[in-house]
Amino acid sequence: MGQLCGRCMQLLRDFVAFVQRMSSDLVHSIKECLTLISECSCLKQNNSKARQLYKPILQPHERVTAQEFLQHIETGFEMSPLGKDPLEALRTLAFSENPGLQQSAALYYLHMSQQMNIPLPVEHLEPFYALLRSADLEVQQMSSLSLVNFLLEGNIDRELVVQMGLLEPILDLLESEDPTVQCNSCACTMTLAVSESNREAIGAAQGVTPLLSLANSYDPRVQQNAVGAILNLTRSEKIQQVLCKEGALPVLALLLESPDLEVQYYSCAALSNVAANAQHHEAMLRPGNRFLLRTLISLLSSSVDKVSSQACVCLRNLATSADIQAEMVAEDVLPKLRSLLASGSEDVRRASIALLWILSQHPHNQDTLACAELIQSLGTLLSAHRTDPVIVGHTACIIKNLSLSKNRQRIIESPCVEGLLQTMLSADIQEDSLHYVTACLAELAKQEGATLRMVQWMDEPLTKCLVRLAGQLEHTEASFQAASIIQHLIGHEKMMVLLKRHIREIQAYLKNFLAHQEIRFQQLGISTFCRLREDPEFSSAFRKSQIAKLLEQVRQQTEETQELLRAAICHEDS
């Protein structure tokens with residue numbers, strides 16, 4: 001905590017002597033002394049306005065308390081600024097009807113909030129109620145600012161502030177005509193709204209309406225804090241209902257065009273939260289009025305990463321229907337998304353690829369998305385970010401979806417195939433991402449052109465990786481898809497040469513597949529066996545193994561199943 005400079009300490013000493021001589025001028029002297037101290041650089045109180053001083057009547061106990069408080073400031077300030085003695089004095093000053101004494105208490109708390117970084121004892125919250133309720137504007141300004149400082153530094157428990165009854169006076173200050181008080185009370189509300197229980201309390205106390213009003217304030221500080229508070233409130237589905245009922249959607253939509261970038265971001269993030277709940281989509285995207293959709297798409301070109309990223313998130317949350325997806329594509333969203341894929345921001349890349357994934361699921365969009373420029377961008381993205389699970393997983397899913405379009409040849413000829421194959425070699429690839437990559441490659445391998453492309457890129461490390469994955473049955477999907485890729489590549493001379501180096505491992509996973517409970521594994525094992533058996537070396541290896549015995553077991557199980565099916569069908573017919 002900072003220390004009073006020599007000048008300020010001398011002022012206090014002079015003032016104590018003055019109080020002893022002129023008790024009738026006590027309030028005037030307190031005000032003048034504290035004003036001079038607050039203007040000193042040691043307390044970081046700059047640009048304080050000159051205050052009108054007056055001589056209110058003091059109650060006897062207030063006079064004594066003020067004298068003791070001054071003595072404490074002089075002698076005990078550094079030792080126990082939040083001890084029992086100053087607390088009793090602060091209570092008396094805060095609950096006084098004398099504005100000068102209240103200002104003394106408010107200024108003390110303001111100094112504490114700026115200089116201390118320790119938790120504020122719960123007992124010290126009680127004086128805040130009287131200070132926030134004060135009719136004096138300066139008391140409101142200082143007390144609300146000190147409360148904001150304590151909250152931002154984490155020196156007050158947010159839930160405790162509400163439990164102590166401070167929410168009501170904070171919300172009342174939202175309707176003040178003073179911009180500073182409005183700014184501080186909005187900041188308090190924004191900080192308190194981080195908690196779910198506090199969000200519900202704010203909604204129940206009808207705090208939404210004044211916040212929406214202040215969201216249109218001409219003061220940028222007030223507007224930022226008001227929209228920030230609304231953003232935090234949208235994290236509660238229950239309060240989303242209140243916000244929509246109170247008309248928040250058109251307010252937030254218009255704020256997307258604000259010249260203030262923070263307001264833009266807050267309003268976009270708030271709309272993203274609301275859009276995550278599909279029941280609000282009809283109100284957000286009314287037929288014949290696509291202002292919100294067009295504005296969000298325009299924000300994809302924002303030079304501020306967090307704004308463009310949040311616009312992607314909001315569009316993704318809204319793109320739940322085929323019609324909305326088609327409208328986005330019709331609004332020329334693709335060039336903007338291609339640009340975002342090359343962004344230097346991880347959040348932007350991830351948000352844009354996630355939106356593209358959603359759009360690629362709609363069959364009518366697939367031919368449009370499968371343009372050469374986008375496919376080239378996807379290949380480049382895979383090569384540059386092989387260890388990013390979000391990029392890898394979504395890109396693989398997009399390529400798989402687009403491979404179903406009539407432009408699949410563009411994918412086959414693009415860097416995407418090589419990028420997917422090389423991604424499997426990454427030591428950092430996660431299981432989910434690996435599943436998406438192998439599923440995409442298995443789908444592509446069904447096309448002869450893609451198979452030839454894969455064989456062109458296959459080498460010993462990739463072959464070893466595929467065989468190893470096929471044998472890892474604990475990763476069910478990746479194992480099945482890897483074996484499916486191998487099955488489609490069999491027959492190409494280069495591939496057979498590579499596979500012969502792993503005959504033992506291939507036999508091992510084929511045995512596991514034939515003994516697997518799922519029929520698809522058994523069928524894939526049988527088809528792979530049949531294709532490999534055409535090669536003399538594999539045929540010889542199979543004769544020396546137990547595979548023939550496993551095939552016989554599968555045959556018997558199949559015959560038993562067929563007999564049961566015939567019996568069931570005959571019984572049903574009768």
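Over which ring does the charged end of Lys306 sit? In this predicted model, the charged end of Lys306 sits over the ring of Tyr265, 4.8 Å from its centre; the criterion is NZ of Lys or CZ of Arg within 6 Å of the ring centre and within 35 degrees of the ring normal.

Residues are numbered from 1 along each chain as its sequence is written. Local features need pLDDT of at least 70 and side-chain atom pairs pLDDT 80 or more, while totals for chains, interfaces and linings use all residues, and side-chain values use heavy atoms, without hydrogens and water.

The protein chain has 36 helices and zero strands (DSSP runs, H or I of at least four residues for helices and E of at least two for strands, numbered from the N terminus). Of its 574 residues, 54% count as buried, that is, under 20% relative accessible area with a 1.4 Å probe, protein chains only.

The mean pLDDT, the predictor's confidence in each residue from 0 to 100, is 86 for the protein chain. Over residues 43-58 the pLDDT is below 50. Where pLDDT is low, the predicted coordinates should not be read in detail.

The whole structure holds eight aromatic pairs (ring centres of Phe, Tyr or the six-membered ring of Trp within 6.5 Å; planes under 30 degrees apart are stacked, over 60 edge-to-face, the rest tilted). Phe480 and Phe521 are an edge-to-face pair, because their ring centres are 5.1 Å apart and their planes at 70°. Phe480 lies in helix 31 (residues 476-489) and Phe521 in helix 34 (residues 519-532), so the pair ties together parts 41 residues apart in sequence. The charged end of Arg520 sits over the ring of Phe480, 4.6 Å from its centre.

How values were computed: Buried means under 20% relative accessible area, exposed over 50%, partly exposed in between (1.4 Å probe, protein chains only). Contact means heavy atoms within 4.5 Å.
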